[in-house]
Amino acid sequence: MKLTTPLATKLGLKYPFVSAPMFLISNKEMIVAAAEAGILGSMPSLNARTSEQLREDLAWIRQRTDRAFAINMTIGLTKPERIEADMALCIEFEVPVLITSYGNPTALVKQAHEHGRTVFHDVIGLQHGRKAVAAGVDGIIAVAAGAGGHAGLVSPYVLIPWLKEELGVPILAAGCISDGRQVVASLSLGAQLCYIGTRFIASTECGAVDAYKQKIVDAGPEDILYTDAVSGIHANFLKSTVPEGFTPDRSPDGSKRWKDIWSAGQGVALIDAVKPMGAIVEDLVREAHDTLAGFGI
């Protein structure tokens, strides 16, 4: 059985996986490695410290691949002039997919669609999902309980089929997808793509420091803390990296905390080695096929 979906095929992907954009640690090397592995790579535009750096990164990527990739625009955390400049670069370098988050994507969706681009928006519940669909997005990223970063509290067993039925647009499953069994589960719940973050922190291409990667390998789900103490919005972090007794801060200066406070999801439970992204994708695919074979599919 071929492991694919209509949305994966539309985007030219070999497999229905997205390497999720992770603040500070997703990079151009991950995007190219993902493209070579047949999946959709991504990074936040803000991981390039300036728009000039983003231009250099996009040029570097385009020199190495003509396959699909994505740039994430964190609307509410980014100055308007930076969003405008970064969006112009995404249009110039023909970035096929935009991922929007933390704000109203209406203006970016309009601009993206004028140039034939695809837009996904991440949500943790139905209310924001409806607003995003009204804004015209092409797909919803359902960020379920246990996901790394800013996650919700609804189980993926409910969130994925619920949003699919209520919103009527393609759903990307996000949260606790670390092996092929969870890939099959996510697709069976109606997801078109599996949005995978924590598993790819433990990749050789990821920009995380080695100590961070090792913590991902060593941690279990009970080592993950869900707290609003870092940014004022509840998110999942490696508990041992979160200090006590400070005030949440959503400002650009406050975001610097994320350099030493390390995000991760409960999917750490099933990660046991740091590997190249291509090898991780191969593992996921093999495990998914093994799971399906167990059902006689």
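Is Y15 buried or exposed? Y15 is buried, with a relative accessible area of 16%; the cut-off for buried is under 20%. The model is predicted.

**Strand β6**
- In β6, G139, I141 and V143 point one way. I140 and A142 point the other way.

**Partners of β6**
- Strand β5 (residues 118-123) pairs with β6 in the parallel sense, over 4 bridges.
- D122 has I141 of β6 as its bridge partner.
- From β5 the chain passes through helix α6 (residues 126-134) to β6, and this β-α-β crossover is right-handed.
- Strand β7 (residues 171-174) runs parallel to β6, and 4 bridges join the two.
- I140 has I171 of β7 as its bridge partner.
- With helix α7 (residues 156-167), β6 and β7 make a right-handed β-α-β unit.

**Aromatic rings**
- The whole structure holds 2 aromatic pairs.
- Y15 and F17 form a stacked pair, 6.1 Å centre to centre with 25° between the planes.
- F17 is buried, with a relative accessible area of 0%.
- Y212 and W262 have ring centres 4.8 Å apart and planes at 5°, so this pair is stacked too.
- The Y212–W262 pair links distant parts of the chain, 50 residues apart. Y212 lies in helix α10 (residues 210-218), and W262 in the loop between β10 (235-238) and α11 (277-294).
- Y212 and W262 are both buried.

**Charge over a ring**
- K28 places its charged end over the ring of W60, 5.1 Å from the ring centre.

Key:
Residues are numbered from 1 along each chain as its sequence is written. This is a predicted model: local features need pLDDT of at least 70, side-chain atom pairs count only at pLDDT 80 or more; totals for chains, interfaces and linings use all residues. Side-chain values use heavy atoms; hydrogens and water are left out. Buried means under 20% relative accessible area, exposed over 50%, partly exposed in between (1.4 Å probe, protein chains only). Two strands pair if DSSP finds at least two bridges between them. A crossover is right-handed if, with the strands pointing away from the viewer, the path from the first strand over the helix to the second runs clockwise. Rings of Phe, Tyr and Trp (its six-membered ring) pair if their centres lie within 6.5 Å; planes under 30 degrees apart count as stacked, over 60 as edge-to-face and the rest as tilted. A charge sits over a ring if NZ of Lys or CZ of Arg is within 6 Å of the ring centre and within 35 degrees of the ring normal.
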